[in-house]
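Please open the model in a viewer and keep the selection panel at hand.

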Amino acid sequence: MRCWPIALLLAAGTVGAATLRSEMLDDFRDTAAWQASASDQVRASLRRDRDGSLCLDYDFAGVSGYAVMRRALPMDWPHRFDLGARIKGSGATNDLQFKLVDASGDNVWWVNRPNTALPARLAETKFRSRHVQFAWGPAADKSLRRTQFVEFVIAAGRDGGKGALCVASLHLQERAPDPQPWPAVHTTSTAGRTAFDFGRVREFNGVALQWPAGAKALDYDLQASDDGSIWRTVRRVRGSDGGLDALFLPESEARHLRVALRRGSASPQLTLKSAADWPDFNRVLATLAADAPRGELPRAFLGQQNYWTLVGVDGGGQRSALLSEDGALEIGRGGYSLEPTVQLEDGRRVTWADVKASHTLREGHLPLPAVHWAHPSFTLDVEATADGTREAPQLLGRYTLRNRSTQAQRFTLQVALRPWQVNPPQQFLSTPGGASPVQALRWNGRGLAVDGRPPLRFTALPQTVGALPFDSGLSLTALQAAQRPSTTTLDLRDPQAHASALLEWSVTLAPGASHTVGLVAPLGTQPATAASPGQLQARFDAAATHWRERLSRVTLQLPGDGTRIADTLATSLAHMLMSRDGPALRPGTRSYARTWIRDGAMMVAGLLRLGEVDAAREFTDWYAGFVFNSGKVPCCVDQRGADPVVENDSHGQYLYAVAEVLRHTGHIDGGAWAERHWPTVQRVMTWMEALRQSERTTANRTPERAHFFGLMPPSISHEGYSDKAAYSYWDDFWALRGYKDAVQLAQRGGHAAEAARWAGWRDEFERELAASIEATARHWNIDFIAGAADRGDFDATSTTMALNPAQAAVSRARLDATFERYWQEMNARAEGRRAWKDYTPYELRTVGALARLGQPARAHAMLDFFFKDQRPAGWNQWAEVVLPDAREPRFLGDMPHAWVSSDYIRSALDLLVYDDEGEHSLVLGAGLKAAWLQQGDVVLRGLSTPYGRLDWSLRRSARGWQLDLPSKMSGLHGGARLRWPEGLALPRALHGGQALAWQGRDLVLPAAPVQIELVRE
């Protein structure tokens, strides 16, 4: 069968302005028209099934990836259409994707249906034009107009495994455009029935019904018909509390709708909600929030950004809780929320919208967050932490209500269980935010169970408990009306799976008196351990003690405004540990349920410097198991296995992680741990060298392509190049780091032949990389280091990799030009002279870069700017995306973001000490501030370096300061040097009574242990 461009296809009947095309695009009888392909280590093949369908057999073989069946099918697409595909399948549940690709192969449109259970027999699957979204590519016009290829894809989803996708036909039906305007709606009401005739078939995703005032306790059916004679029930509503009912009915069509009351005669106003109005259930909730009193639903459903922090245990990231800035607790990833309110004696209800909130961590840095409500009548403290194992952690929560008035008052603490997350609706990756299903609620007199999971337990039983299904309304007033004594049982099932509950504790408090209610919630499958108030206090204290000890392996003492640097350093370490899932280091717990080697390698560097050897080793061992047989290092890994997407920074990052662990721990085991990685290191080096050689071609020696010679091939590892693979210097700096580290691993392991051969590759690559940077600058007529050779773009955050970890031999003049431009642009942004839409705090890397470039004042100015964007103030964290308007609702990535935390850790530590690899030396105090030395002592203890443990301090004395390095270090051939802060006169340096000479603002120190007296002049 030959398939023509649709512009040439004619439907049956007269051709005219109103002709709508109806065409069989492929009946799948021509097997030769289709080709099967698959990603690394995935097997895919085509076969003809007995029913005539063409089948794609696939086997993921324990890795992530995809299997594809593809054919050329040139198409000019109408504005509006339906595609019908007769499909079936067998095997595990995976992602079904339908893709359209243009002639360049760069631009892709798709329909992506995650975790789709395919029918066992051929059945129609419909793809409407509004389902087809632009997926990726550099096209400026992302409208679907013309494509060249069509693909059916099975991508590894929830199960992976093996199976088959079979397709028997692909049919296109053009659809007429919507009339402008739509015909007037004809409404009729008779005997409790209100009918709506739209004049023609309408597509809709839901219905909003506005009931007249006073209509309550409504039971009704919503019915639909195409002809006004034969009706079908599309929704049954029982117990509506009137007002606004929002009925979500995705992918619906009808000409007629009818509301049929079971009793009474109220007649509602009906508004159809299109797929644009209500694309998902979160928009339904937003509609209800706009109709409700402010404060009854979260600010996220009112068009305001909300912020949150993580509550969990080390390694339990996928079994963690969130605490919102407004005091709501999310019980587990994607789980329901607990929201506090307080009812006053006069009946007024106080919500998050009526108080002033502040936020703290215990001792300023321990990951025990709290939200503090301040109201004229009371304060409410909401505290949270977690304990238990990483496989079965438990959330500990506590509400402390205090009377701040001058007379006794009666308060009612209300805690509402709500069918939505703290993670807001605009969060769309991995764990989509917003609504969270709550189908069943059961109160057994002691605890509240949700959907059959182990129940929540409280330190004191509430006096009353109530619950309502979604159709009975979300209002707190309705929930309060449903209260019953907690001594009774409650068992509710909600057909709409979005039930709510309310628990109440009433107490009379004398002036200044307080009352505390605590809770324990299981975050795994194990039941919550019951706790009395005293036991809960002990568990909170034990959690604090655990984190205090865990975060004190390295101690940093800084005076003045340096306190926030030290506090955020400790909290950032906690965030990295809490975000990991077992051994897997992850950037977050909600948006990123997967592990990238780039994030992990940089986290490994931070973990090792702060003494977290086990976490670093555990991750590196775990990730090595996913390296492909070819030696290709996967960019990322999740529950499906290794991801095959080409990202050419990953190979150097794996080698760096292995070598970094060796540098910090080789003295412990003599390098035995690293030697276990040697076979994988060899495979990775073979793969990476083949990539390098693939760009050392004759074509890349021509003048127009000379700046590509010898680089890593194009990839999309850099997030800014997801539209089209680029010659990213980010990849090359990481590759250089990998070459360097492979040589070190070979040398330390006694593999002389490999060390010599790889050293030649390393040196050649470093020369060609430097030459490429210069050629790119000439090609694009720029003075800075480009982000990518084929784009000539500016990206200082990416270029920081040249300084750390690559420590590349590149032009100092171009480095200076790069960071001078960054500083000017950043400073204009900070001062409000340059508009900005957003930024990612990956820019924290530039703080360390400027410290290494000898610009500490600029480094601190930037750090001050970034600290202002810790949201909310007091929780020592950054989201992945920062917006100038803190309340603009947009995707923020994860918060806290553990990769950002690692960037902060490495930069903050570089202010105190960094390794100059070329000199085999340590630079101390590159980011010291003169004010610190005038205000107090600077103390750093327990820091791990490639040369052993480092302790150093600079304490005030009667004559000036005393510098102490008490520990001997090995391999520090270039010694250590102290960099004196700008703005403070150089002191006389004395060692054993003998003067030491300054070299500029650097003081080269005698070998440790050493004590230097610095005498103020």
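Select F794 first: at 21% relative accessibility this residue counts as partly exposed, where buried means under 20% relative accessible area, exposed over 50% and partly exposed in between, with a 1.4 Å probe and protein chains only. The model is predicted, so local features need pLDDT of at least 70 and side-chain atom pairs count only at pLDDT 80 or more, while totals for chains, interfaces and linings use all residues. Residues are numbered from 1 along each chain as its sequence is written, and side-chain values use heavy atoms, with hydrogens and water left out.

**Aromatic pairs**

The structure holds 40 aromatic pairs; rings of Phe, Tyr and Trp (its six-membered ring) pair if their centres lie within 6.5 Å, and planes under 30 degrees apart count as stacked, over 60 as edge-to-face and the rest as tilted. F784 and F794 form an edge-to-face pair, 5.1 Å centre to centre with 85° between the planes. Both residues lie in the loop between α11 (752-780) and α12, so the pair ties together parts that are ten residues apart in sequence. Helices (H or I, at least four residues) and strands (E, at least two) are DSSP runs numbered from the N terminus. Next, select F28, W34, F98, F127 and F152, which form one aromatic cluster.

**Nonpolar cores**

Which residues have the most contacts inside the largest nonpolar core? They are F733, W952, L954, L965, L978 and L1014, in a core of 165 residues. Such a core is a set of buried Ala, Val, Leu, Ile, Met, Phe, Trp, Tyr and Cys residues joined through side-chain atoms within 4.5 Å. Helix α10 (residues 729-748) supplies the largest share of this core, eleven residues. Apart from it lies another core of 50 residues, among them F411, L441, A467 and A501.

Centre the view on L978. Leaving aside neighbours within four places in sequence, its contacts (heavy atoms within 4.5 Å) include L924, W952, W998, R1001 and L1014.

**A loop residue**

Move to A531, in the loop between β36 (514-522) and α3 (533-550). At 10% relative accessibility, A531 counts as buried. Not counting residues up to four places away in sequence, A531 touches F458, T459, V520, L536 and R539. G518 is 13 residues from A531 in sequence and 8.5 Å away in space, C-alpha to C-alpha.

**Cavities and a pocket**

On a 1 Å grid over the protein atoms alone, a cavity is a set of points where a 1.4 Å probe fits but cannot get out, and a pocket is an open set with protein on both sides within 12 Å along at least five of seven lines; lining residues have an atom within 4 Å of a point. Grid points are joined across faces, edges and corners, and a volume is the space filled by probe spheres set on the points.

There are five cavities of 30 Å³ or more. The largest cavity holds about 230 Å³. Select P298, S324, A328, E339 and W352, which lie nearest its centre among 27 lining residues. Strand β22 (residues 337-343) gives the most to this lining, with four residues.

The second largest cavity holds about 80 Å³. Its lining includes T800, R845, R852 and D910, and α14 gives the most, with four residues.

Finish at the second largest pocket, of about 1,200 Å³. Q807, D915, D916, E917 and Y947 are the closest to its centre of the 48 residues that line it. Helix α7 (residues 650-669) gives the most to the lining of this pocket, with seven residues.
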